[in-house]
Amino acid sequence: MKSLAELQAIREKMQNRVNMRSENSNAIRVVVGMATCGIAAGARPVLNEFAAKVQEKGLTDKIVVSQTGCIGLCQYEPIVEVFEPGKEKITYIKMDAEKADEVMERHLIGGHVVEKYTMAASGLK
Amino acid sequence: MTEISLNILDVAENSTRAGASLVTILIDISSADDTLKVVIADDGCGMTPEQVAKVTDPFFTTRTTRKVGLGVPFFKMAAESSGGSFDIVSEVNVGTTVTAIFGLTNIDRMPLGDITSTMHNLIVYHPESDFYYRYTVNGESFTLDTREIREILGGVPFDVPEVSAYIREYLEENKQEIDKEEIY
């Protein structure tokens, strides 16, 4: 069985790095709706995909993944909002893990909004 | 909802929003009793008797963004349609305990699903609450207590990649050992 002993090693390794982890106001924020509507529509794999990719690519200082409740647009869940400092908020609708991957590559890393998945592109306000 | 674990993620979310400092999640699978029992207990703000009476009504919610509240009704329906039962006990300023019992071998019981992701999500994204998790199959169990982890880590946050990965592995490996290749 995996024990808690390994944690001690992680702590020692991390301790000197922790002080550097202050809230970065220049970071891109990716917010996934995780209320009943979002979860039922498949938000968990979307959140996990973003979180896994950010860690995998070592972008935890530049991209912050978090979750929120219901924003009142349940029929368009899973919804992902991207907040980039100095830019307008982008809202992606009806997301899944594959689309999340695409948004990760093209938008969050590449800097180009993936128009076809946005709420604006679907003609909604 | 297609998995019991998604219901747990959703209902436990209510506990964290109720300002709970400790959320207890117990899963107890018993072949002898033919049950899969889920308990979600918190020490959050609790509910008034009036709210408790209405919480399983899908057309009741305290929210203002919409008129329905489906989380608890979904969970209740899932348990009851598998020949099980559902119970919610709450007291203002004391907390809330939700108990759902599923018929383990009932054909209408949804799978437990990815409970590891549910617990990982809850722990990593709710640093303001502590979690006590116990997973039991036929009397054998493992636990994860974030208060213990917090103490060992001494200030290193849970969303640090190394810690987050450790928590996921801990949940995954221990569950595998307890499950003995059985899928619930």
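Which residue takes a positive phi in the hairpin of β3(A) and β4(A)? In this predicted model, that residue is A:G86, whose phi lies near 80 degrees in a hairpin that has 6 residues between the strands.

**The contact between the chains**

- The contact takes 32 residues from chain A and 44 residues from chain B, and the two chains bury about 3200 Å² between them, with 59% of that area on carbon and sulfur atoms.
- Between chain A and chain B the count of salt bridges is 2, and one of them is formed by A:K13 with B:E162, where the closest N and O atoms are 3.6 Å apart.
- Polar contacts between chain A and chain B come to 9 residue pairs, in which both residues have a pLDDT of 80 or more.
- On the side of chain A that touches chain B, at least two residues each are supplied by α1 (5-18), α2 (36-41), α3 (43-56) and β2 (63-68) of chain A.
- Of these elements, α1(A) gives the largest share of the side of chain A that touches chain B, namely 10 residues.

**Strand pairing in chain A**

- A:E81 has A:T91 in β4(A) as its bridge partner, and the hairpin of β3(A) and β4(A) is the one in which A:G86 takes its positive phi.

**Strand pairing in chain B**

- In chain B, strand β5, residues 130-137, and strand β6, residues 140-145, pair in the antiparallel sense over 6 bridges.
- Across this pair of strands, B:Y135 stands opposite B:F142, which belongs to β6(B).
- The hairpin of β5(B) and β6(B) has 2 residues between the strands, and in this hairpin B:N138 takes a positive phi near 45 degrees.

Conventions. Residues numbered from 1 in each chain as written. Chains lettered and ligands numbered in written order. Predicted model: local features only at pLDDT ≥ 70, side-chain atom pairs only at ≥ 80, totals over all residues. Heavy atoms only, no water. Contact = heavy atoms within 4.5 Å. Buried area = accessible area lost by both parts, 1.4 Å probe. Salt bridge = Lys/Arg side-chain N within 4 Å of Asp/Glu carboxyl O. Polar contact = N/O pair within 3.5 Å; in protein donor to acceptor, adjacent residues only side chain to side chain. Helix = DSSP H or I, 4+ residues; strand = E, 2+ residues; numbered from the N terminus. Pairing = 2+ DSSP bridges.
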